[in-house]
Amino acid sequence: MMAAKQILEVFVNLNIMLALGCLIWLGLQALVAKTALRHAFILQLAALKTVLALILLSPVLAIAATQAVELFSPGRSLVLSDFVVAAYLRGEIAMDAIRFEQILNTRENWTERFLLMNTKGPAIVALLLAAGMVVAILRLARSALQLHHLLDDSYLWKRVGPVDVRLSDRIAVPMATRGLFRRHVLLPSDLISDSDRRRIAIAHELQHFRQSDLEWEIVFELTRPFFFWNPAFTLLKRRFNRLRELACDQAVVSRYRVAPLDYARCLLHFCERSVGLAQAQRLNVALLSAGRKDARQELANRLLSLKSTASQLSAPRRHLIALACVMGTFLSFAGASLEAPKDWSHDRLMLSTVVNLERLRADR
Amino acid sequence: MTELWELGEGSVRDVLGQLPPSRGLAYTSAATVLRILEDKGFVESRKQNKSLIYTPLLAKDAYQTRSLKNLSQTLFDDTPATLVARLVDDAGLTEADLEEIRALVERRLRNDGG
């Protein structure tokens, strides 16, 4: 029971940290949009990766923050509810003591009700969460299997260091992926006779490897079963995908000296191919057209942003280090503040006494 | 394949020699195509003076039937939804949308380039 409670608490805390990280990221992006860094997609992608890594590490950071405070200032608590109780006892929160304690213990009560499963509500929530997890795991397994077959059916064209460039009859758009040891660039087989587009496609996919985008894709998919229900996860993943492609385009155009117009034409060529295919397969266009306007805007923005690639290649490291320090400190303390109080502090005993006295008075 | 039927049999260089220069196919690319055709069972190869000589295994009409089957396979894009980074993701765009974007991009990027 204790282990289950701890796991549930880490799970809930991680989800809260994800939501908090997402809000911070949205705020940061709004700020960046007003500065000269708004087109520095490589830097923005590195910043987003820093934020995501810190969110994933937040349970460890929270422990580190608690230990550090214990070491340097023994007896001082970082737990948010301890601060609130102290403020209440100082008379800064005007509320009935019984009601205040109820609010304070909301999370603990919910956790216990959830673990006991003696009512319908928690059982339904647990069932939905488990079903979502299973679906996410099955989806991941299906993708992995599909990928395995796709690679098995492809033809090795070239081997460059740890990267295999392969040709496939079963894809319309070039793509990159990785196995345990090797990385693969998969090209539609007709690209073999189209050297200009092939060069751009390979450069683009190799840049994804350079940016470690595939490793991040794997991290996202492995964590999806735990966060699938959290809108912050979906939003961050969407932002990540967008930045991943924008940063990749920017790096390819600068690094390989591809003319932005040629690059844009190449991307449009593959869009046309996949749209042609999709329309041949699609039974009901109306169902899929809801996000079309956004997708149109997104693609237009992606292609037009190619013109602002100059001098954005080298990401200023000091910006990233500063961001990592500020965010790391903030998330460690935020994480520590969400932890359950370890034992009965003096303030909590006082609050409990006040509550008992109020109950006695009410009974009389 | 067309070049091989005309030649009866031939090496990578023979096939390349038959192709119009406008195709711009490199030697290694032509060799890869022939290797793939061999993997698929369309041609066979034997070694002669350090180079491989390819011979078609299928008659023209049998090849065309199999190619059509192959083409219908490619009508379905088998890319998985996750674990990959695709060059582009269309997300339900139409040809008209793309035409509009193409016109916009040509106008804006061309102006910028020149």
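Mentor: Helices (H or I, at least four residues) and strands (E, at least two) are DSSP runs numbered from the N terminus, and two strands pair if DSSP finds at least two bridges between them. This is a predicted model, in which local features need pLDDT of at least 70 and side-chain atom pairs count only at pLDDT 80 or more, while totals for chains, interfaces and linings use all residues. Residues are numbered from 1 along each chain as its sequence is written, and chains are lettered from A and ligands numbered from 1 in the order in which they are written.

Trainee: Which residue of β3(B) is the bridge partner of Met175(A)?

Mentor: β3(A) and β3(B) are joined by two bridges and run in the antiparallel sense. On the β3(B) side, the partner of Met175(A) is Arg86(B).

Trainee: Which element gives the largest share of the side of chain B that touches chain A?

Mentor: Counting residues as in contact if their C-beta atoms, placed from the backbone, lie within 7 Å, the contact takes 42 residues from chain B and 57 from chain A. On the side of chain B, the elements giving two or more residues are α3 (27-39), α4 (60-74), β3 and α5 (95-113). The largest share, 12 residues, comes from α5(B).

Methods
Two residues are in contact if their C-beta atoms, placed from the backbone, lie within 7 Å.
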